[in-house]
Amino acid sequence: MQDFAAIDFETANGRRSSVCSVGVAIVRGGVITDRFYSLIEPVPNYYTYWTTQVHGLTRRDTDGKPRFPEVWRQIQDKIKGLPLVAHNRPFDEGCLKAVFEEYGMEYPGYEFHCTLAASRRRLKLPSHQLQVSAAACGFDMTNHHNALCDAEACAAIAIKLL
């Protein structure tokens, strides 16, 4: 695959609809050509201790930020016609479907691919976590669990493995 959009969501709590940030890396011709990142005021708008421990975001970071539909309007044209790629596709695809449902938006049936599954198939590693798989593909993650950094890492894996 030479053209795709790598996407990553972070959530505020255990509900998949609670996306609080999104990162997208657009790949054309096997090269990242565009990037997008946004904080999002989540629904429901509360953070659990565990999710904050993972990504460091709190309500102070996202209160007053745009809601998902406004953010998605900025993304949808950028990814039009492109397959989506995520590391652990069931999580990110699940977030996307859940937040579309939360806002009563019609889900367009995006084509999704999984770099976690590709890593498990193609790389002999002690772990296939994003940062481990990314390092094996030559991408050094300096800001793991930042949605844009994670999307860029996913893109690097997809460029090598898909």
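1. Terms and basis. Helices (H or I, at least four residues) and strands (E, at least two) are DSSP runs, numbered from the N terminus. The structure is a predicted model, in which local features need pLDDT of at least 70 and side-chain atom pairs count only at pLDDT 80 or more, while totals for chains, interfaces and linings use all residues. Residues are numbered from 1 along each chain as its sequence is written, and side-chain values use heavy atoms, with hydrogens and water left out.

2. The largest pocket. A pocket is defined on a 1 Å grid over the protein atoms alone, as an open set of points where a 1.4 Å probe fits, with protein on both sides within 12 Å along at least five of seven lines. The largest pocket holds about 360 Å³ of space; grid points are joined across faces, edges and corners, and a volume is the space filled by probe spheres set on the points. Its lining consists of 17 residues, where a lining residue has an atom within 4 Å of a point. Asp 8, His 87, Asn 88, Phe 91 and His 145 lie nearest the centre of the pocket.

3. Composition of the lining. Four residues of the lining are nonpolar, nine are polar and four are charged. In this count Ala, Val, Leu, Ile, Met, Phe, Trp, Tyr, Cys and Pro are nonpolar, Asp, Glu, Lys and Arg are charged, and the others, Gly among them, are polar. At least two lining residues come from each of β1 (4-11), α1 (49-55), α4 (89-102) and α6 (130-136). The largest share, four residues, is supplied by β1.

4. His 87 sits in the loop between β4 and α4, whereas His 145 is found in the loop between α6 and α7 (147-161). Are these residues buried or exposed? Buried means under 20% relative accessible area, exposed over 50%, and partly exposed in between (1.4 Å probe, protein chains only). His 87 has 11% relative accessibility and therefore counts as buried; His 145 has 26% and counts as partly exposed.

5. Strand β1. Eight of the eight residues of β1 are buried, so this strand is largely enclosed by the rest of the structure. Both of its faces are covered: one side carries Phe 4, Ala 6, Asp 8 and Glu 10, and the other carries Ala 5, Ile 7, Phe 9 and Thr 11.

6. Strand pairing. Two strands pair if DSSP finds at least two bridges between them. Eight bridges connect β1 with β2 (residues 19-28) in the antiparallel sense; in this pair Ala 5 stands opposite Ile 26 and Ile 7 stands opposite Val 24. With β4 (residues 84-86), β1 pairs in the parallel sense over two bridges, and here Ala 5 stands opposite Leu 84.

7. Nine of the ten residues of β2 are buried, and the strand is mostly covered. β2 also runs antiparallel to β3 (residues 31-39), to which eight bridges join it. Ser 21 stands opposite Leu 39, and Val 24 stands opposite Phe 36. The hairpin of β2 and β3 has two residues between the strands, and Gly 29 takes a positive phi near 60 degrees.

8. Helix α3. The expected span of a helix is 1.5 Å times one less than its number of residues. For the twelve residues of α3 (residues 68-79) this gives 16 Å, which agrees with the 16 Å between its end C-alpha atoms. Phe 68, Pro 69, Val 71, Trp 72, Ile 75 and Ile 79 are its buried residues. They cover an arc of only 140 degrees around the axis, which puts them on the same side of α3; the arc is that of the directions from the helix axis to the C-beta atoms. The face turned away from this buried side carries the exposed residues Arg 73 and Asp 77.

9. The 14 residues of α4 should span 20 Å, and its end C-alpha atoms are 19 Å apart, which agrees. In α4, Asp 92, Glu 93, Cys 95, Leu 96, Val 99 and Phe 100 are buried. Their arc of only 150 degrees around the axis puts them on the same side of α4. In α5 (residues 115-122), the buried residues are Thr 115, Leu 116, Ala 118 and Ser 119. These fall within an arc of 160 degrees, so they line one face of the helix, while Arg 120 and Arg 121 are exposed on the other side.
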